[in-house]
Amino acid sequence: MDLMLIPGFWLDGDSWGEVTERLRDAGRTVHPLTLPGLESVDADRSGITLRDHVDAVVAAVDALGEPVVLVGHSGGGAIAWAVADARPELVARVVFVDSGPLGDGGVINDELPVVDGEIPLPDWSVFEDEDMVDMTDEVRARFAAVAKPEPARVASDKQVLSDERRYDVPVTVICCEFTALQLQQMIDGGAPWVAELAAIKERVLVDLPTGHWPQFTKPVELAEAIVGAL
C-alpha cells in the first residue's frame with residue numbers, strides 16, 4: 001500500500017529524506033509531498049489557504065485511485081485528517097507524527113509571527129523545550145538550510161470537516177514530546193484538545209522519545225515506527 005508523507009510547517013517533501021529512503025528499503029512505495037507555496041524560498045505564497053494544501057493532497061490521493069496511508073507531521077497532521085474527511089474510502093490509515101487530528105473549526109497555529117503575509121522559520125527561542133529535544137546545533141543548521149516560509153493562512157484558517165466516516169479511519173499516533181501514556185491520560189480525562197482523537201474508533205499510540213522533528217533527529221526510528229504502524 002502506498003504511503004503519502006505530508007510535511008509540517010516550513011518543510012517540503014525532501015525533508016523526509018532518510019525516512020523516505022528507509023521506507024523504500026522496507027519495500028514501501030512512498031510519495032513525499034511538497035505542498036503549494038513550499039516549492040522554493042521564492043515561491044508565491046500569497047493567497048494560499050489551508051484548503052489549498054488539503055486539496056493538493058486530495059488530488060494526489062485521487063490520482064492513485066486506491067487506498068493510501070497518510071503520514072502527517074505536525075501541521076501536516078491536520079491536513080491528513082482533512083483528507084481523511086474528504087476521502088474516507090481512500091484512506092486506509094492516518095499516521096500522525098508528533099501531531100493529531102484537528103477538529104472542525106480549529107486552527108493549526110495562529111500565534112506564529114507573520115511577516116509580509118507569510119511565516120518565516122522563527123527563532124528557536126519561540127519553541128518550547130520539549131520541541132527542541134535532540135535538536136543539536138548541526139540539526140538546527142540543517143533544518144534552517146532547507147526551511148521555506150509557510151503561507152500564513154495555512155496556520156490561521158479554520159479546519160472544515162463534514163463527514164463523520166473519518167472516525168472509522170484507523171489512526172496511529174507516534175508520540176514524541178508526550179508519551180503514549182500521557183496522551184492516553186489526556187484522552188481519558190476529556191481534555192478538549194484531544195476530543196477529535198478520542199472520537200476515533202481505532203487508534204494506536206506509540207512512543208518515539210525525541211523532539212518535534214523526528215525526521216531530522218531520529219529518522220531511522222521514525223521509519224521503523226511508520227512501518228510498524230502498517
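**A polar contact and its surroundings**

The side chains of histidine 73 and glutamine 215 are joined by a polar contact of 3.3 Å. Please bear in mind throughout that this is a predicted model. Histidine 73 belongs to strand β3. Is histidine 73 buried or exposed? Its relative accessibility is 1%, and because buried means under 20%, histidine 73 counts as buried. If we set aside neighbours within four places in sequence, the residues in contact with histidine 73 include Ile6, Pro7, Gly8 and Trp16, as well as Val97 and Ser99. Also among them are His212, Trp213, Pro214 and, once again, Gln215.

Let me turn to the residue that follows in the chain. Serine 74 lies in the loop between β3 (68–73) and α3 (75–86). Its phi is near 50°, which is a positive value in a residue other than glycine.

Which other residue has a positive phi although it is not a glycine? Tryptophan 10 does, at about 75°. This tryptophan 10 is found in the loop between β1 (3–6) and α1 (17–25). With a relative accessible area of 4%, tryptophan 10 is buried.

Threonine 172 is part of strand β7, which comprises residues 171–175. The relative accessible area of threonine 172 is 2%, so this residue is buried. Leaving aside neighbours within four places in sequence, threonine 172 is in contact with Arg93, Val94, Val95 and Phe96, with Val204 and Val206, and with Ala229.

I come finally to the helices. Two packed helices are described by the angle between their axes and the distance between the axes. How do α2 and α3 pack, and at what angle? Helix α2, residues 50–64, packs with α3 at an angle of about 60°, and their axes are 9 Å apart. That angle makes α2 oblique to α3. The crossing of the two, α2 and α3, is right-handed. On the α2 side, the contact is made by Leu50, Arg51, His53, Val54, Val57, Val58 and Val61. On the α3 side, Ile79, Ala82, Val83 and Ala86 take part. By class, the residues of this contact of α2 with α3 divide into nine nonpolar, one polar and one charged.

Thank you for your attention.

Conventions. Residues are numbered from 1 along each chain as its sequence is written. This is a predicted model: local features need pLDDT of at least 70, side-chain atom pairs count only at pLDDT 80 or more; totals for chains, interfaces and linings use all residues. Side-chain values use heavy atoms; hydrogens and water are left out. Helices (H or I, at least four residues) and strands (E, at least two) are DSSP runs, numbered from the N terminus. Buried means under 20% relative accessible area, exposed over 50%, partly exposed in between (1.4 Å probe, protein chains only). A polar contact is a pair of N or O atoms within 3.5 Å; within protein, one must be able to donate a hydrogen and the other to accept it, and residues adjacent in sequence count only if both atoms are side-chain atoms. Contact means heavy atoms within 4.5 Å. Axes are lines fitted to C-alpha atoms, for helices over the stretch in contact, and angles run from 0 to 180 degrees between N-to-C directions. Angles under 35 degrees count as roughly parallel, over 145 as roughly antiparallel, 65 to 115 as roughly perpendicular and the rest as oblique. A crossing is left-handed if the near helix is turned anticlockwise from the far one by less than a right angle, and right-handed if clockwise. Ala, Val, Leu, Ile, Met, Phe, Trp, Tyr, Cys and Pro count as nonpolar, Asp, Glu, Lys and Arg as charged, and the others, Gly among them, as polar.
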